[in-house]
Amino acid sequence: MSLELSYLLWSALLAFVYMMAQAGAYRLQNGLVEADPNRDVQPPPDVFTARATRALRNFHETYPIFIVLVVVAEFTGRGGPLTGWGAAIWFWARAAYLPIYVGGLGLVRSAVWGVSAIGLALMFAGIAI
């Protein structure tokens, strides 16, 4: 299995961690009983639930790009050092992003997001060049 596909596989676990962080924060805020219904009427989120929700939404914005780049690199045989480094940078930056976001480290969070974007750009360059 290529390095890029390995990171794609592990990114599925990372996506699950993001999802569980948001769900866990919601349940901690509202309790198990209140979290189970249809949620037609919800109280405003506390700071941690709001941050976990925004982090998850942000992950969902870049995750499809990562998936497409890995798939294109694999199907075209264009994977190489740039795509491998890009996948690693994206993955580890996204792994760091969740605790940084939930922890409220705004400027650091923005910098880490920028690092993850560089990872995607490296992957694109590795395929396109």
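Me: Helices here are DSSP runs (H or I) of at least four residues, numbered from the N terminus. With that in hand, what is the place of Thr49?

Reply: Thr49 belongs to helix 2, which spans residues 47–76. Keep in mind that this is a predicted model.

Me: Thanks! Is Thr49 buried or exposed?

Reply: Thr49 is buried, because its relative accessible area is 2% and the cut-off for buried is under 20%.

Me: And which residues is Thr49 in contact with, leaving aside its neighbours within four places in sequence?

Reply: Those would be Ala25, Tyr26 and Gln29.

Me: Changing topic: how do the axes of helix 2 and helix 4 cross?

Reply: The two axes cross at roughly 20 degrees and come within 10 Å of each other, with helix 4 covering residues 106–128. Angles under 35 degrees count as roughly parallel, so helix 2 and helix 4 are roughly parallel to each other. Their crossing is left-handed.

Me: Nice. Which residues in helix 2 meet helix 4?

Reply: From helix 2 you have Asn58, Thr62, Ile65, Phe66, Leu69, Val70, Val72 and Ala73, and they meet Trp113, Leu120, Met123, Phe124 and Ile127 of helix 4. By type, the contact has eleven nonpolar residues, two polar and no charged.

Me: Last one: which residues does the "transmembrane region" annotation cover?

Reply: The UniProt record, an unreviewed entry, places it at residues 110–128. In the model, that stretch is 100% helix and 0% strand, with 27 Å between its end C-alpha atoms.

Methods: Residues are numbered from 1 along each chain as its sequence is written. This is a predicted model: local features need pLDDT of at least 70, side-chain atom pairs count only at pLDDT 80 or more; totals for chains, interfaces and linings use all residues. Side-chain values use heavy atoms; hydrogens and water are left out. UniProt positions are given in the numbering used here, feature names are shortened, and annotations may be inferred rather than shown by experiment. Helices (H or I, at least four residues) and strands (E, at least two) are DSSP runs, numbered from the N terminus. Buried means under 20% relative accessible area, exposed over 50%, partly exposed in between (1.4 Å probe, protein chains only). Contact means heavy atoms within 4.5 Å. Axes are lines fitted to C-alpha atoms, for helices over the stretch in contact, and angles run from 0 to 180 degrees between N-to-C directions. Angles under 35 degrees count as roughly parallel, over 145 as roughly antiparallel, 65 to 115 as roughly perpendicular and the rest as oblique. A crossing is left-handed if the near helix is turned anticlockwise from the far one by less than a right angle, and right-handed if clockwise. Ala, Val, Leu, Ile, Met, Phe, Trp, Tyr, Cys and Pro count as nonpolar, Asp, Glu, Lys and Arg as charged, and the others, Gly among them, as polar.
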